[in-house]
Amino acid sequence: MADVVAPADRTPPLVMLQESIREIGIPRLLIAVFLVALFGIAVATKMDIASLVGDSLLRAARNGILVLALLPAIQGGVGLNFGLPIGVICGLVGCVITLNAAVTGWTGLGLSVALAIALAIPAGLAYGWLLNRTRGQEMMVGTYLGFAVVSGMSIFWIAAPFTNPTLVWAIAGRGLRTTLTVSGVYDKLLDRLWSFNVLGVSIPTGTLLIFALACAVVGLFFRTRAGITIAAARSNPRFARAAGISDERTRVQATMFSTVLAAVGIVVFAQSYGFLQLYTAPLLMAFPAVACLLIGGASVTRATLTHVVIGTLLFQSILTVALPVTSQVVQGDISETARLIIQNGMILYALTRRSDR
Amino acid sequence: MASDAPILELRDITKEYYGNRVLKGVSLAVRPGTIHGVVGENGAGKSTLMNLLFGMPVIRDTGGYRGDVVLEGRTVSFRSPEEAMASGIGMVHQEFMLIPGFTVAENIKLNREPTIPNLMSRIAGRKLEIVDRKRCGSDSRVALDRVGLTVDEWLPVAGLPVGHKQFIEIAREVDKNNVRLLIFDEPTAVLTESEADQLLKVMKSLAAKGFGILFITHRLDEVLAVCDDITVLRDGEVVGRPDPKATTVIRIAELMVGRPALVVGAEGVRHLPGGPPALEVRDLAVDMPGERVESVSFTLAAGEVLGLAGLAGHGKIGVANGLMGLFPARGTVVKHGAPLPLNDPRAAIRARLAFVSEDRRGVGILPDESIELNIALTAIEAQGRFLHAAPLEPLRLMNGGAVRRHAHEMIRALDIRCTGPRQHVRRLSGGNQQKVCLARAMTLEPDTLLVSEPTRGIDVGAKERVLELLRSLNRERGMSLLVTSSELAELRAICDRIAIVYHGRIEAVLPRDATDAEFGLAMAGELHAMGGQRG
């Protein structure tokens, strides 16, 4: 029995390998390997790598703020914010009001963002208040509330008095269409800003910059007094109370911040994607965002900006590359299937590791 | 007592965590029918030893160990606690592993219930046999009698006092037929003094019945009272095996700490600087569950060290918690001439009052944050310090450099043993965690400091350093201190006066040199009856 273990004076290479694998996390490793394999096939079948990389980058930039929106909620101890659709809907309302008033260009984009934030603040406040009353079940409550709000808003989309003929159903003359285009309003405004080509890869500079700016704002916020307070209250609510911090208040602040970011995120998303998707479309918005963050290495209780960036890049790249590659190799489309397996598998995996650390 | 072949023998056990050697060639043997005490400071390697013996997965996950564990002549290496239990090791934990809604007997017999076969079980297997409740009860009764607990075996565990639960745990281990070796891990930590005495008696009687007992504790007098052998650990090494009949508490303490134990200086009545009192408390009532304060009035003079003593549950703990606004409080408090608002922790901190809580792990620290943040956080939050300048208050960012410098200063000043200011507080020993708590309180630059149970759960060496520190805060920085403690000896070492809390009221305020008898009577609420209030 005495020789069960090698002397640990010098860590054997195998143990070192095991440790670094644990550090990275098996799922993240598998997904990275999968991505590399996809790119390998793409190269082998002589596909247009530059456009694949460019698209991956674009999709990552487009989705980035929506993933980032999850971060304050985790920092605040509310866990994974499955109530992301609440913020998304605030953003959509902001966009629709802008479109209805036919305000275009930078003014339009600015107005949409301003309206999105203005609506998301009270919505986040109410959502945070609700989460304080259902402590310990935030993820479930967030999911259900998201579903309920999306359904409630479907009535709003039909009944609200929007009149702009480009938005409403042509035959009925009222009620918003399911998909609205932003072309001619602020379609790709940020994507094209200062955009340039490197080795044939077009860089969506403006959208990337906005994502970077949002990351910087979040990062700096958690170095202010308010941000540190939020993180402390998450870490130990009783400690916080002894320091004169109300953890109920910090949780509401975190939820509000998360909701506001989601609202801004969907405006940036719509600008790049070119369309607003109404009715049930926001229903499942939270799941891919959550999967991104988790693939980045975050857990239910701990997440960093690095997790956001890496996760978004990894997950969005897979979605971008998988479709053309698989259609080369097999007949038919398995990329949607792969997306659902990776996305939901990742969420399940993270929940099983909840008690870690 | 017996001294045949040992039940358990550890031979040259060495264990490392990531290159950090926490056990260095530890050997010891537990003979049947004896109690073997293992003592050592926090971080000496006691818990690692226990984890290893009990097959906790953490040992294997971090690369296993070297050396042999020999149980009744067989070399063993457990992969899980289940294996350890199956091999005849019984463990009495610090935290109870009992199901509150189940009765005492059900808890004792859980998963080992005697059963009666029936038709279904003959077809579908033993799992469907009916539990023999009668035998459950009688077996439990026997086990409970062996540990001297008279409680009804059919009562639910939920409402029972903490002490009873500890004995039920022991009864459960005793009831296991194969158990030959019992491990007690700090069993008296949660018990009152009389319960602890009872427990020690039970341990002795169990040893007399042939069990081998491994007893891990902080309380050295207990070790001397019951142990047949003693092993002293320091920094993962066996530094001594004193003969309990020929040694003293002080000698063991020296071995543990590695230097002669200090006695915090004693001096006579001091002249205080005068001026308005630091705290004038009138009719304070605090609604703290388990430590309710009915009506307490006292005065803490400027520059004074006032002790609060009393038995558990009488409310001494509630006083400081009430003053800091952590539990609902009523009454009038005047601090240095200005009224102090109650039920508002932030106002208390702004009034230059600071608090080191008795519940270190629960209230005192952010376990998963760095030392530097733990020290600076309250000052950042309540006083807006350690922040960069910015045009708008909410835009001010944390000044990481200042926080780091301050942490370095505190680590040096308080001798916090750590790898650096970025280390997470969870990884520190109890004494060092307590120093972090004190550092945070000092960072607030209070003029009045409330300290509750400053040395609870920390070892002898660290204890004295903490008391020295409190003393120097008072003497050198002129802080007024209100020290709440269950250990009268430590209050007598550092306080000017000691107030005794009895049933939520101040029973008496005694000078530090009052006799043991006076303190004893005051704590029992009988000093008035004897007609001798002082102070």
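Two strands are taken to pair if DSSP finds at least two bridges between them. Helices (H or I, at least four residues) and strands (E, at least two) are DSSP runs, numbered from the N terminus. This is a predicted model, in which local features need pLDDT of at least 70, side-chain atom pairs count only at pLDDT 80 or more, and totals for chains, interfaces and linings use all residues. Residues are numbered from 1 along each chain as its sequence is written, while chains are lettered from A and ligands numbered from 1 in the order in which they are written.

**First selection: the sheet of chain B**

Select the strands S6, S9, S10, S3, S11 and S12 of chain B; in that order, these 6 strands form an open sheet with mixed pairing. At its edges stand S6 (89–92) and S12 (237–240) of chain B, each of which pairs on one side only. Neighbouring strands of the sheet are turned by 25° against each other on average, direction ignored.

H1 lies across S3 (35–40), S6, S9, S10 (212–216) and S11 (229–234) of chain B, and runs at about 145° to S9(B). Axes are lines fitted to C-alpha atoms, for helices over the stretch in contact, and angles run from 0 to 180 degrees between N-to-C directions.

Colour chain B by domain: domain 1 covers 8–257, and domain 2 covers 279–368 + 428–523. These bounds come from an automatic or database domain assignment. The C-alpha centres of the two domains of chain B lie 35 Å apart.

**Fourth selection: where the chains meet**

Show both chains. In contact (C-beta atoms, placed from the backbone, within 7 Å) are 22 residues of chain A and 36 residues of chain B. On the chain A side, H10 (225–235) and H11 (237–242) are the elements that give two or more residues. The largest share, 6 residues, comes from H10(A).

Chain A has 15 helices and 4 strands. Its radius of gyration, taken over C-alpha atoms, is 22 Å, close to the 21 Å that the globule rule (2.2 Å times the number of residues to the power 0.38) gives for 357 residues, so chain A is as compact as a globular protein of that length. The C-alpha atoms of chain A fill a box of roughly 85 × 65 × 35 Å, taken along the principal axes.

Notes
Contact = placed C-beta atoms within 7 Å.
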